[in-house]
Amino acid sequence: MNNMNIKNRIITIGMCSLMIAGISCATGLDDRSSEVVYAAEGEVQEVATEGDADQIYCIGSVSKVYVTTAVMQLVEQGKVDLDAPVTDYIDDFKMADERYKDITVRMLMNHTSGIFGSSLKNSDLYGDNSSVSTENTLKNLENQRLKANPGEYAAYCNDGFTLLELLVERVSGMSYTDYVEKNIAGKIGAENIYTAKNVFGNPALADIFPDSNNRYETEYSMDFGSGGIYSTALDTCEFGSTFFKGDNRLLSEGSKNEMATLWSSTTDASGNLKYDPDYMDQNGLGWDMVDIPMYEEAGVKALYKGGDNTDYHAGLLVLPDEEVSVCVTTSGGSSGYNMAMAEALANIVLEEQGIEVEETTAPEVELKETVPDSYKKYEGYYSLDGTPAEITFPDMKYALVKMLGAGTSDEYYMYTDNGFVRVTGDIEAGEFRVDPDYFCINFVEAEGHVYITEESVSKQSGLVNGCNRTYSGEKLEPNPVSEEAIKAWQERDGMKYAVESEKYSSAIYQTPFTEIRVLEDSGYVIDSGMASRILKIVDENHLEAFTTIPSSGNRDIFDIYVDDAGVAHSSPDLAVVPVTDNESFTADVKEVSLTTEKAVWFNIDDSMANKNISLERPDNSAVYVYDKFGKVKYSTHMIEYGNVIHLPKDGYIMFVGETGDTINISE
């Protein structure tokens with residue numbers, strides 16, 4: 001395929017790129033621009049936006065396709081066996097669970113390793129690129145167990161791709177940054193594919209606005225394999241075009257077909273599938289989706305990967321046979337909207353090729369007036385979409401799903417032949433209708449557990465309907481624990497905790513708070529904050545992840561233990577301290593001594609409420625101010641905000657830096 005002699009067609013939408021049969025289409029999209037221009041073939045139109053085609057974004061988890069490509073190159077060279085244990089290549093990879101020895105390279109690529117999910121230690125940094133994520137991940141995994149047998153089911157796992165990054169380094173003898181530069185960017189002539197190591201300080205990096213108002217220092221993702229590639233939308237599109245049929249610049253057809261093949265579900269002793277494959281993750285190797293219903297029905301093979309970091313988001317859609325590659329990158333928003341935009345652009349191209357794609361629509365349903373009595377046994381507490389929930393069937397007329405995460409909300413579902421369909425309106429008065437964003441749940445029993453499956457068709461993007469089928473929930477089994485254990489956690493009920501264990505540049509300080517709540521006398525605790533989860537009480541100081549949901553509904557789970565000082569530690573290597581133990585920040589606090597990766601927290605005293613303070617601080621330090629709800633009001637990572645800080649009533653102030661340094665404070 002020759003890309004050089006084809007006319008250009010350009011579509012401009014902020015920061016987005018579209019490549020059609022080798023036609024380079026440089027475009028743009030960010031959350032501050034939404035104007036769309038489509039130019040006829042042979043014409044070029046440009047729209048003034050705040051960005052341009054040379055702007056660089058972190059493409060988040062789209063990076064997983066890059067590290068998978070790197071490993072597949074090593075497979076083609078005979079240096080790596082996809083079905084060999086990871087320990088063959090990373091001899092210092094160890095876990096506190098002997099089953100880790102059964103994890104293969106392929107299982108890292110298709111998310112079936114059984115590893116909990118994500119090591120968070122200093123993974124996203126503002127204005128700093130001095131963390132080494134692979135070292136942090138190896139150290140964290142040493143003390144971590146597995147959530148499932150390797151190969152049992154797929155559940156999204158960032159740590160698996162950090163291990164793949166390390167594998168590339170160990171096998172190739174090169175740094176991952178150098179490997180990508182030589183063997184991916186170099187081979188396709190892309191000048192703008194980086195990691196945080198070689199993009200640092202690049203003036204073309206897109207601005208970020210974490211609070212939607214203030215511009216912050218650039219976010220650098222240190223998890224290169226799982227989420228740390230930086231690129232322009234155009235060069236990401238060029239990378240996507242290497243998966244076109246017949247383009248062997250990076251990989252052979254055999255390797256690309258391997259990556260584009262849906263992983264196989266496991267079977268029981270009788271050879272029957274353990275779970276319904278329609279509701280399990282639809283990923284291949286590196287790709288999020290290798291079967292997208294609306295394209296499959298049109299006879300079009302489609303590959304998709306989305307990416308979300310703290311502040312950057314991306315989506316890459318490739319149609320290999322039709323030679324279409326679409327990339328959408330944004331500062332702000334989410335990869336879900338990026339996917340909708342990518343699909344909308346691809347569908348325009350397919351229409352020009354004479355291929356009609358009909359987006360998935362919600363099925364017609366008939367609402368029933370009663371719920372069969374057989375569903376009564378499914379009442380109880382659930383972990384649902386990672387959030388605790390209570391499900392009941394009032395008078396067996398409908399299903400009431402009470403979400404119990406950060407705040408309580410009620411959802412109502414009417415019984416249909418398809419399952420329970422969400423409705424909006426006044427259900428008690430009989431004035432309700434099916435939710436325009438179709439959402440249907442059902443209860444299934446498998447492997448001795450009660451699970452919830454969900455099917456959704458969402459119109460939220462206004463572009464292309466978002467569709468999803470997944471296992472999303474699991475019923476809580478009885479967990480009898482001692483009175484001493486219940487009492488210990490009841491004493492912590494309602495306590496707010498804040499992260500203290502990250503370095504000064506960590507983006508996790510944007511949302512550092514979590515709260516412990518006891519779920520009545522169930523033997524379970526809700527961790528509500530950065531990631532609402534429900535955990536099982538083990539004893540006075542230990543909580544355990546317990547879910548076995550066979551999908552990404554079981555991603556990023558964790559255990560927690562509380563040490564003798566009252567500090568809570570989670571298995572993603574975070575330490576959080578109770579803010580009730582904070583000292584009061586008064587006018588007497590003139591100096592704060594700093595310690596590396598140990599934040600100093602204060603509760604703002606009433607005497608300082610609505611007053612201003614000024615700071616003198618070293619470069620490698622940060623100060624955050626939060627209101628009583630935990631929302632950031634000030635951060636030293638905000639550009640041009642200055643060092644004069646307004647202190648809100650009942651808020652919090654945090655200082656963090658490096659050992660031996662101090663921050664001086666004056667009014």
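Predicted model: local features only at pLDDT ≥ 70, side-chain atom pairs only at ≥ 80, totals over all residues.
In soluble globular proteins, nonpolar side chains tend to be buried together. The largest nonpolar core here holds 115 residues, and Phe93, Ile103 and Tyr230 are the members that touch the most others. Helix H1, spanning residues 63–76, gives this core its largest share, with seven residues.

A pair of aromatic rings is described by the distance of the centres and the angle of the planes. In this model, 37 aromatic pairs were counted. One of them joins Tyr378 and Phe443, whose rings are stacked with 5.1 Å from centre to centre and 5° between the planes. This pair bridges distant parts of the chain, 65 residues apart: Tyr378 belongs to the loop between helix H11 (335–352) and strand S13 (380–384), while Phe443 belongs to strand S19 (residues 438–446). Both Tyr378 and Phe443 are buried.

The charged end of Lys64 is placed over the ring of Phe161, at 5.5 Å from the ring centre. In another such arrangement, Lys496 lies over the face of Phe513, 5.3 Å from the centre of that ring.

Helix H12 (residues 483–490) shows how a helix can have two sides. Its buried residues are Ala485, Ile486, Ala488 and Trp489. Viewed down the axis of H12, these residues fall within an arc of 160°, so they line one face of the helix. On the face turned away from that buried side, the exposed residues Glu483 and Lys487 are found. The cover over the buried residues of H12 includes strand S23 (513–518), strand S24 (524–529), strand S25 (533–537), strand S26 (542–544) and strand S27 (560–562).

The last stop is Thr242, in the loop between helix H8 (233–241) and helix H9 (253–259). Thr242 counts as buried because its relative accessible area is 2%, against a cut-off of under 20%. A polar atom of the Thr242 side chain lies 2.7 Å from the backbone oxygen of Phe239. Apart from neighbours within four places in sequence, Thr242 is in contact with Ile188, Asp247, Arg249, Leu250 and Lys256.

Terms used: Residues numbered from 1 in each chain as written. Heavy atoms only, no water. Phe/Tyr/Trp six-rings, centres within 6.5 Å; stacked < 30°, edge-to-face > 60°. Helix = DSSP H or I, 4+ residues; strand = E, 2+ residues; numbered from the N terminus. Buried < 20%, exposed > 50% of the residue type's maximum accessible area, 1.4 Å probe, protein only. Lys NZ or Arg CZ within 6 Å of the ring centre and 35° of its normal. Arc of directions from axis to C-beta. Contact = heavy atoms within 4.5 Å. Polar contact = N/O pair within 3.5 Å; in protein donor to acceptor, adjacent residues only side chain to side chain. Core = buried A, V, L, I, M, F, W, Y, C linked by side-chain atoms within 4.5 Å.
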